[in-house]
Amino acid sequence: MRRRTGRLAKLRTGAAVMAAALLVFGQAHAQSSSGGGPLDFLDNLFTGSLSRGSQSPPSGQRAGTSAQAQTAPVTGSAPLPWSGEDGASGHPLMTAAAIRDAAANFDNCVASMWPDAARRNISRESFERLTAGLTPDLRLMDLMDSQPEFTKSIWDYLDILVNDNRLAKGREILARYKPQFDATEKAYGVDRYTIAAIWGIESNYSTQMGDRNVVQSTATLACVGRRQKYFKDEFLSALEILHHGDLRPEQMRGSWAGAFGPTQFMPTAFKRYAVDADGDGRRDVVDDAADLIASTANNLKKDGWQTGQTWGYEVVVPKGFNYMLADRAKGMTIAQWEHLGVTRAGNQPFPHAAEKAYLLAPAGAEGPGFLMLQNFRVIMKYNPAEAYALAIGHFADRLRGGAPFVQPWPRQERELSRAERLELQQLLAQRGFYQGTPDGQLGGQTREALRGFQASIGAPADGFASSDVLERLRGR
């Protein structure tokens, strides 16, 4: 759930293993170039009703990945039907009437894409064979617009994804495919532990990849709902993959938004990054470990991975720190952060004082801080949610033998419900701190507004949406 994006990401029933929604502290609410934003990976993670997937996947990224709790039906059970209700987004193409009209025109919509398929050198025979009998899966409309009521905290999220069982499986994978990881590190310079972490979090090492038909899902989304232009490209790319013979139809099963394979490639991402590492003539990122590992590394490398560099450092933020500096756009050198009193957790030295990083404080002043380097930004290109990237980085460190985070999380804090988050934004707007449209999604604009309000009352301006801040806004 790459290229997955704005309300991300990666979408993704299986992988995550739970049905409970998640806190999104680094959500990418910005609209993607394809016309929609990344799915807020955390908002949709682990919700049995929706995925990494209730909003749109990031442009060019994995939509609907396992880390996001794909909502594919459990094997042997009947898939849930469409609710028949208007979508929560309020988009005109997500009204029940518009969905029914589009579904009634589904066959014509699919047929109308033949000229585009032909321009991609897909044969008429392949097009007819691969689209024969396709019907729209309208349940996807509920998944696209799902808005979970409750979220999980970042610490609960990390507890779920970075656990002893998953770590043990990851070490087995690293040992079993050591030759493939060796060859990939030599060819691409991408850390094997990061690749193994993505594999583990996206699909629990190939055990939870989603079970929806990628062609059906992308065809549905190309013809019905609010992301048709984006998913038309994904649908045609899926047809290209099958026409060229890289994968068989039965291998292309995945999340509701079309992400497939152990590391959850969207069809367009497959086209850009998949490689034939073992020279067998096929780019098989589903069942061929060499291709899977190399393709994931190629993805990270082309996104700017810096060989030999870590993703970031856990840090101790001093009391009285100006949290207005905790902003992805305010990068400074490690030496400059040290000058401001930021130290590495565990009394360890920073290896490179000239490295440039930004400060992330996902739980505010009461939780640990992190200085994020270039490779963290690269992981976020894979899935544009800071919580996802933090889980990948930490999981990779644990796989290489690193210890858990040093500082405690503020586990006494409860997460706000969606209704409370919406109220929080409305109260911030009434006081002139929030300029956006209240939607119950706590992204960067809300955190900035929270910092402004907190500073106005003399509290640590850390942008953390706690129940205490909500009570203060209520004037109680």
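Here is a short chat about a predicted model and the terms used for it.

Modeller: Quick ground rules: the model is predicted, local features need pLDDT of at least 70, side-chain atom pairs count only at pLDDT 80 or more, and totals for chains, interfaces and linings use all residues. Residues are numbered from 1 along each chain as its sequence is written, and side-chain values use heavy atoms, with hydrogens and water left out.

Biologist: Why is Leu-93 called partly exposed?

Modeller: Buried means under 20% relative accessible area and exposed means over 50%, with partly exposed in between (1.4 Å probe, protein chains only). Leu-93 has 37%, so it is partly exposed.

Biologist: What is Leu-93 in contact with, leaving aside neighbours within four places in sequence?

Modeller: Contact means heavy atoms within 4.5 Å, and for Leu-93 the partners are Ala-98, Ile-99, Gly-225, Arg-226 and Gln-228. Val-224 is 131 residues from Leu-93 in sequence, yet their C-alpha atoms are 7.6 Å apart.

Biologist: What makes α10 roughly perpendicular to α14?

Modeller: Axes are lines fitted to C-alpha atoms, for helices over the stretch in contact, and angles run from 0 to 180 degrees between N-to-C directions. Helices α10 (residues 192-203) and α14 (residues 289-302) have axes that come within 10 Å and cross at roughly 110 degrees. Angles under 35 degrees count as roughly parallel, over 145 as roughly antiparallel, 65 to 115 as roughly perpendicular and the rest as oblique. So α10 is roughly perpendicular to α14.

Biologist: Which residues of α10 make that contact?

Modeller: Thr-194, Ile-195, Ile-198 and Trp-199 do, meeting Leu-292, Ile-293, Thr-296, Ala-297 and Leu-300 of α14.

Conventions. Helix = DSSP H or I, 4+ residues; strand = E, 2+ residues; numbered from the N terminus.
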